[in-house]
Amino acid sequence: MKKSKICWFEPLVFIFFGAMHVSRIWGLFDRDGYREFWMSAYYERGVTYFAISGIMAALCVAGIVVFLKNLGRNYWWRWVYIFGGGYVIFDLAAIAVKWQPWENLLEFMYDVDSPYWNLIWGFFVIMGAMSLVLGICIAAGNRSKSIYRSEKAKQAVLDLYDRQLARIDMPFKDVYVETSFGSTHLIETGNLSGAPLLVFHGGNSTTAYTLLSCGFLMKDFHVFAVDTIGHPGKSAETVLSAGNYDYGKWAGEVINALGFDKIRCFGGSFGAGVLAKTMCAVPDKIEKSVLYVPSGIKNAPAINSMSMMFPMIMYWITHSEKWFKRCVMPMAVTEENLDDDLLETAKCSIDNAKIHAGMPSDVSESLMKKCSAQTLVMAAELDCLFPARFVIPRAQKIIPNCTAYVLKGRGHANKLTESEENMIVEFLK
């Protein structure tokens, strides 16, 4: 199921709230003037108060209506309408009826002598900046259906793709297959006499990078590395929902188009989530599977990734290498996991592609239990996105034929040991 159409007013929701909260920087420099303006607006109930309150209420209600009308087809950022919009409506109602506990809270927030003043209003400024940037990105993305920021940006991604692919030091060829979701590109390489293996790359990454980092699969397997549709690469730019099973249906069509009744599969991160969706959508087409640092089994709460959001925004604003590294460090844990290829690939995607923040949602237990294929699940202990303590227990519960392995002391972006690489190869054999 495709995402719903973005309504014309939706970018304005985030731009309005963002601009309003960024303007609170005034309070960091002039506490008395800031308090006098807003407390007067609250208590006098003049034109300013009703104008701001009316716009805020209308935008929040409209956003909530859009969210409810498009259940199952929403963008990740529409959840802000439910949580943020719900809070704003409650806030406006509490102020309107002069609810005493809320009035006490306002007096605390606007206490110019409070030691927490800068912390409170600094938080609102940062939140406003994030909202403003998100609104601008939504507006820009709604003008263009391409997953790339421009034709020049697309070419930059494909140039890096080709340069990395040329370094795999093994013959390969391009394969294109047609699906109902759009044309899909694969790289066929590896041991052409070996068992066929379908490989799914990570989110906002590419097949070329995955082949560089998973060279240990080449000797034993006839590899078909697929460019996920709607992600950087050479497949169609059709963006599928990560909240349903469209990715699984798409992958099933790819397997059919390649001429296989069933096939061994390997997927990492977002790609593992796509593979998990495939195990649910077309369980009989999976011969064996390896889910490496997988999404889609038991994702951590979204707040766990917030540590990456502010550095990402600062990088977009400053293009500073310092902020870029701070953005990816929560996934890597240590700098030794940030090799040049990973940094170059991530930076190229952030600079040139429209980032897909939403990961494949957790799969259904009842659907997953229909897949009897032997499955190896490898989750990282310190993964901020899909930690082993969440992933392994649920994988063992919902996957009928599951072998679990914890990558101890490592985060989402990590390096496998030689013995772990051999474990994967032997399992897939």
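In the predicted model, Leu186 stands opposite Val226 of strand β4. The two strands concerned, β2 (residues 182-190) and β4 (residues 221-226), run antiparallel and are joined by 5 bridges. They belong to an open sheet of 8 strands with mixed pairing, in the order β1-β2-β4-β3-β5-β6-β7-β8. The edges of this sheet are formed by β1 (172-179) and β8 (402-407), each of which pairs on one side only. On average, and with direction ignored, neighbouring strands of the sheet are turned by 20 degrees against each other.

Elsewhere in the sheet, β5 and β6 run parallel and are joined by 6 bridges. Within this pairing, Cys265 has Ser289 in β6 as its bridge partner. Strand β6 is mostly covered, with 6 of its 7 residues buried.

Helix α10 (residues 246-258) lies across β1, β2, β3 (195-200), β4 and β5 (263-268), and runs at about 115 degrees to β1. Helix α11 (residues 270-281) lies across β3, β5, β6 (286-292) and β7 (374-380), and its direction makes an angle of about 150 degrees with β6.

The largest nonpolar core comprises 47 residues, and the members with the most contacts inside it are Leu186, Leu198, Phe200, Trp250, Leu258, Ile297 and Met368. Helix α11 gives the most to this core, contributing 7 residues. Another core, of 28 residues, lies apart from it and includes Val199, Ala208, Val290 and Leu407. In general, the side chains of a regular strand alternate between the two faces of the sheet. When residues up to four places away in sequence are not counted, Phe200 touches Val226, Trp250, Ala251, Cys265, Phe266, Gly267, Gly268, Gly271, Val274 and Leu275.

Val363 counts as buried because its relative accessibility is 1%. Leaving aside neighbours within four places in sequence, Val363 is in contact with Tyr245, Ala276, Lys277, Cys280, Gly296, Ile297, Met368, Arg394 and Ile398. Among these partners, Ile297 and Met368 are also listed with the most contacts inside the largest nonpolar core. The C-alpha atoms of Val363 and Ser295 are 9.4 Å apart in space, although the two residues are 68 residues apart in sequence.

A search of the whole structure finds 1 cavity of 30 Å³ or more. About 40 Å³ of space lies in this largest cavity, and its lining consists of Val157, Leu160, Thr206, Thr345, Cys348 and Ser349. The elements that give two or more residues to the lining are α8 and α14 (340-352). Of these, α14 provides the largest share, with 3 residues.

Gln164 is located in helix α8 (residues 151-165), one of the elements represented in the cavity lining. Its relative accessibility of 1% is the reason why Gln164 counts as buried. Beyond neighbours within four places in sequence, Gln164 is in contact with Thr206, Ala208, Tyr209, Leu212, Asp341, Glu344 and Thr345. Of these contacts, Thr206 and Thr345 also line the largest cavity, while Ala208 is among the members of the 28-residue core.

In contrast to the buried Gln164, Ala62 counts as partly exposed, because its relative accessibility is 24%. Ala62 is found in helix α4 (residues 47-69). The separation between Ala62 and Val13 is 49 residues in sequence, and 9.2 Å in space from C-alpha to C-alpha.

Technical notes: Residues are numbered from 1 along each chain as its sequence is written. This is a predicted model: local features need pLDDT of at least 70, side-chain atom pairs count only at pLDDT 80 or more; totals for chains, interfaces and linings use all residues. Side-chain values use heavy atoms; hydrogens and water are left out. Helices (H or I, at least four residues) and strands (E, at least two) are DSSP runs, numbered from the N terminus. Buried means under 20% relative accessible area, exposed over 50%, partly exposed in between (1.4 Å probe, protein chains only). Contact means heavy atoms within 4.5 Å. Two strands pair if DSSP finds at least two bridges between them. Axes are lines fitted to C-alpha atoms, for helices over the stretch in contact, and angles run from 0 to 180 degrees between N-to-C directions. A nonpolar core is a set of buried Ala, Val, Leu, Ile, Met, Phe, Trp, Tyr and Cys residues joined through side-chain atoms within 4.5 Å. On a 1 Å grid over the protein atoms alone, a cavity is a set of points where a 1.4 Å probe fits but cannot get out, and a pocket is an open set with protein on both sides within 12 Å along at least five of seven lines; lining residues have an atom within 4 Å of a point. Grid points are joined across faces, edges and corners, and a volume is the space filled by probe spheres set on the points.
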